[in-house]
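Hi,

Here is the structure I promised to pass on. Have it open while you read, and my notes follow below.

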2 protein chains.
Amino acid sequence: MSAAPWVRCVTLPAPTLRNNTADADRLIAGLAQALPAPAGAIDLDLDLLRQLPELLRRWDYRLRCTLFRERDRWTLTGVSGADESRPAAGLAVDLGTTRVVLRLIDLTGGGPLAEHAFDNPQAAVGPDVLTRIHHAESPEGLRHLNTLIIDGLNHAIGAVCRAAGLQPPDVCALSVAGNTCMTHLFMGLVPRWIIREPYIPVVNRPGALRAADLGIAAGPFARVRVFPNIGSYFGGDLIAGILFSGLHRSSATAILVDVGTNAEVVLGNRDWLIGCAGAAGPALESGVTRMGMLAGPGVVDRVAIDPATGRFDVHTIEEKPPKGICGSGVIDLAAQLFLSGRIDIRGKLVAAACGERLKVVDGLRHLVVVPAEKSATGADLTISQADLDSLVRSKAAMYTILETLAMTVGVGLGELSRFYVAGTFGCFINPRSAIAIGMLPDLPLERYVPIGNSSLEGAALALTSADAAEEIDRIRDRITYLELNVNQDFMNRFSAAKFLPHTDAGRFPSVTVR
Amino acid sequence: MSAAPWVRCVTLPAPTLRNNTADADRLIAGLAQALPAPAGAIDLDLDLLRQLPELLRRWDYRLRCTLFRERDRWTLTGVSGADESRPAAGLAVDLGTTRVVLRLIDLTGGGPLAEHAFDNPQAAVGPDVLTRIHHAESPEGLRHLNTLIIDGLNHAIGAVCRAAGLQPPDVCALSVAGNTCMTHLFMGLVPRWIIREPYIPVVNRPGALRAADLGIAAGPFARVRVFPNIGSYFGGDLIAGILFSGLHRSSATAILVDVGTNAEVVLGNRDWLIGCAGAAGPALESGVTRMGMLAGPGVVDRVAIDPATGRFDVHTIEEKPPKGICGSGVIDLAAQLFLSGRIDIRGKLVAAACGERLKVVDGLRHLVVVPAEKSATGADLTISQADLDSLVRSKAAMYTILETLAMTVGVGLGELSRFYVAGTFGCFINPRSAIAIGMLPDLPLERYVPIGNSSLEGAALALTSADAAEEIDRIRDRITYLELNVNQDFMNRFSAAKFLPHTDAGRFPSVTVR
């Protein structure tokens with residue numbers, strides 16, 4: 001990654017009778033020399049042309065120019081005097097259904113300047129994509145959702161700029177990665193046909209748009225690159241993730257799994273990519289268990305059970321008194337329960353092994369993870385048999401998707417050179433636990449690579465990488481989207497995966513029940 | 001000229017589960033097949049994307065698309081159902097300092113739909129370019145001039161559309177040719193540096209702009225091609241003229257002369273082009289004589305003097321009673337006066353030959369062209385010695401420019417295969433008269449080709465020709481601009497040309513004084 005390739009300082013020859021090219025053409029000629037050949041067309045917005053004579057003469061023909069590249073075409077997105085000390089700024093946006101994360105980047109040096117996150121204000125309309133799409137059926141509804149996210153972003157752009165001592169007009173380029181619905185609502189595009197067979201987005205490759213046209217408070221000539229999608233269920237966030245992971249450049253076959261609101265998986269290497277998404281059964285996020293919640297202070301994120309004493313060692317975020325459990329905590333817990341014999345290979349609680357931690361509430365078995373006297377809520381934190389059943393279905397769905405995808409291309413899961421796990425979930429999950437319950441394949445641990453918010457990272461990379469536009473297009477065009485066909489074969493594999501770690505325990509040699 | 005190459009009817013495959021490309025990408029793929037390969041990028045405006053799902057489904061995936069081409073890039077500038085009976089319209093504009101002419105063109109069939117002309121409303125600020133540039137020194141002044149021409153155009157677009165049974169939103173493409181100052185004011189660009197050494201325009205190649213950005217009332221996705229200029233004194237109007245004349249494609253060397261508010265000349269062939277403009281002394285337009293005026297009803301446009309009787313045969317436009325004389329009339333008159341011996345080779349009135357038509361007013365000799373009793377004004381229409389002296393200087397300047405330009409490239413004026421005369425002036429001028437006074441070289445008459453409003457014609461061609469953008473750029477880039485150096489040599493040639501037809505009468509073998 002070469003940082004900030006598209007900020008260029010140019011000194012133009014001053015006009016003379018022998019060199020009386022126009023201002024704009026003089027600037028374009030100077031930039032063409034400063035850019036890698038062949039530079040292609042360089043565009044200036046009309047409003048920039050209107051200011052140009054004054055600016056060139058004020059700065060004595062010595063300028064710092066920020067450029068935006070879209071294939072063979074450049075756009076001048078910002079100009080200042082060559083001595084300008086403020087950085088030219090770019091903004092990467094992970095446009096999540098639940099949470100929106102912004103990172104301000106110094107385009108001059110490539111480094112991050114500030115980050116800011118906010119809850120997607122569209123959640124006021126509905127927490128999930130489907131509710132929002134229904135709300136957008138009317139033009140007013142669509143406008144409402146579009147305004148919510150644009151206003152939210154503008155507010156956040158103000159905040160992230162302030163944090164860096166800058167202002168929104170300093171932002172020359174934006175890069176936005178999100179799922180297909182979120183990017184549609186961001187652009188004010190009708191999402192109606194995304195959820196109706198045969199599931200058609202308005203656009204797959206939005207390319208570069210003017211920030212001003214979108215209503216985004218940024219520099220007057222700023223451009224916005226919206227990541228392309230493959231279809232309704234395979235969004236730009238995942239393409240950004242692939243870009244960041246480097247999966248598409250790897251000679252060895254690897255896999256990228258993003259478990260957010262939806263489960264999305266891409267398998268491949270520099271020669272081919274195959275992906276699938278959605279229809280993955282209950283998400284492995286907070287929603288699985290009754291006491292589940294998103295990561296935050298006081299939320300259980302790690303669990304260990306001492307083999308000797310049977311003591312539960314429960315870790316919470318910021319070590320606050322426990323109030324709930326997040327995805328990674330649940331997987332740890334399930335793995336520990338399984339390895340210690342407290343649940344059996346079907347995920348059922350074993351009364352003899354659980355002892356007094358087993359309680360029956362409303363006829364349903366519960367295991368007390370944190371007793372009432374130690375919890376933040378004053379009530380027992382428990383996991384029920386239903387929670388465990390649900391987790392087993394989820395882990396089975398995940399494994400079956402991985403297996404199906406790998407089988408489709410004739411790759412054994414054991415052959416994967418890298419297993420990238422994206423998302424907040426991916427950052428905290430303990431692969432050993434995920435393997436123990438048979439959610440992820442039994443690979444050497446070092447092949448598991450958590451890559452965090454890969455959507456944001458990919459969006460940031462697109463701002464600073466020289467060939468981002470082409471690379472993103474290449475990724476998009478190379479992915480084969482596998483429509484998961486939930487047929488008898490799939491269901492057979494799914495049933496086999498509903499055991500811990502698997503009906504075929506030979507697939508998980510590292511997993512030994514104590 | 002292949003008409004209307006860029007209106008395409010496409011029938012897109014309806015979406016299915018196996019073909020679930022997005023709406024925009026489906027349309028782009030369909031268009032790419034309908035366009036000559038390689039089609040390059042095809043852009044859709046954001047506002048079109050916002051309407052697209054509804055439009056595609058309303059028209060059942062059968063569309064008529066209007067495209068605008070800018071090098072390897074296409075923009076979709078209009079869509080309608082495939083069965084739309086209204087033509088897709090383009091608008092060619094000759095943006096004159098004095099007069100603005102619009103021609104509405106059927107992009108589907110290539111033919112003209114209607115024409116409309118109006119006086120450039122900027123004339124209220126000043127009749128000439130210089131006054132307007134001074135007025136534009138302040139931002140308010142510039143805005144004022146910009147608003148005047150944009151409002152004037154919008155009004156005229158309404159009128160020309162009404163005349164064709166259309167509406168402004170039907171206009172998908174515009175093509176604007178004008179001198180450098182007029183196009184700057186049209187785009188709202190600072191003209192300040194055009195008139196100050198070293199004479200720098202804001203832009204030489206404005207390329208394609210969004211009509212909406214310019215405030216032009218046309219289709220929401222319409223694009224405007226503004227003809228490029230070579231510099232402050234060589235505008236897009238002349239480049240449009242070259243495009244129309246075909247000078248740049250001719251194997252034999254030819255010349256194009258445009259005498260409007262300024263005198264502009266281009267000499268060349270398909271291998272090279274050389275041009276010069278301005279500094280041509282008094283224009284050969286209405287301004288030369290006291291009784292001069294622009295062509296219109298009652299204006300003398302042709303004069304003959306019967307060699308036998310000496311009777312003046314004066315023709316007026318629409319044969320109304322005479323009230324003034326236009327440029328072509330003045331040249332006819334001067335030629336006839338010279339050929340009949342009423343003025344001598346220095347252009348001086350010969351008392352003996354003029355007889356009672358000679359009058360002295362305020363100590364200055366006048367020749368009565370139309371006596372008071374026959375004129376529309378009730379006063380004698382006369383031409384004064386001062387008028388004649390001015391005409392002689394103008395014709396000498398014109399000839400000297402032609403001679404200098406030809407000499408510079410070592411071409412004899414006699415070698416010119418075609419002599420294109422552009423402008424209203426060019427349409428009415430009698431080449432025989434212009435030769436008689438030595439304004440134009442003594443070529444066989446059939447080589448003189450009046451080409452009318454070549455700026456408008458070139459602008460129209462740019463709307464309907466397949467490769468207009470490249471062709472225009474090629475013309476622009478190929479012209480060598482000759483800065484007329486008014487040195488001793490030039491002055492010597494000018495002095496020699498101040499005789500009728502010339503000091504060296506051998507250059508004008510066809511001219512015989514009766």
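Helices (H or I, at least four residues) and strands (E, at least two) are DSSP runs, numbered from the N terminus.

This is a predicted model, where local features need pLDDT of at least 70, side-chain atom pairs count only at pLDDT 80 or more, and totals for chains, interfaces and linings use all residues. Residues are numbered from 1 along each chain as its sequence is written, chains are lettered from A and ligands numbered from 1 in the order in which they are written, and side-chain values use heavy atoms, leaving out hydrogens and water.

Now chain A. Its open sheet has 6 strands in the order S7-S6-S5-S8-S10-S9, with mixed pairing. S7 (112-119) and S9 (207-210) of chain A each have a single partner strand, so they stand at the edges with one side lacking a neighbour in the sheet. S6 (99-106) of chain A pairs with S7(A) in the antiparallel sense over 7 bridges, and Ile105(A) sits opposite Pro112(A) in S7(A).

On to chain B: H1 (23-34) and H2 (46-58) pack at about 70°, axes 9 Å apart. Axes are lines fitted to C-alpha atoms, for helices over the stretch in contact (heavy atoms within 4.5 Å), and angles run from 0 to 180 degrees between N-to-C directions. H1(B) and H2(B) are therefore roughly perpendicular (under 35 degrees is roughly parallel, over 145 roughly antiparallel, 65 to 115 roughly perpendicular, the rest oblique). Among the contact residues are Leu27(B) of H1(B) and Leu52(B) of H2(B).

Cheers

Notes:
Pairing = 2+ DSSP bridges.
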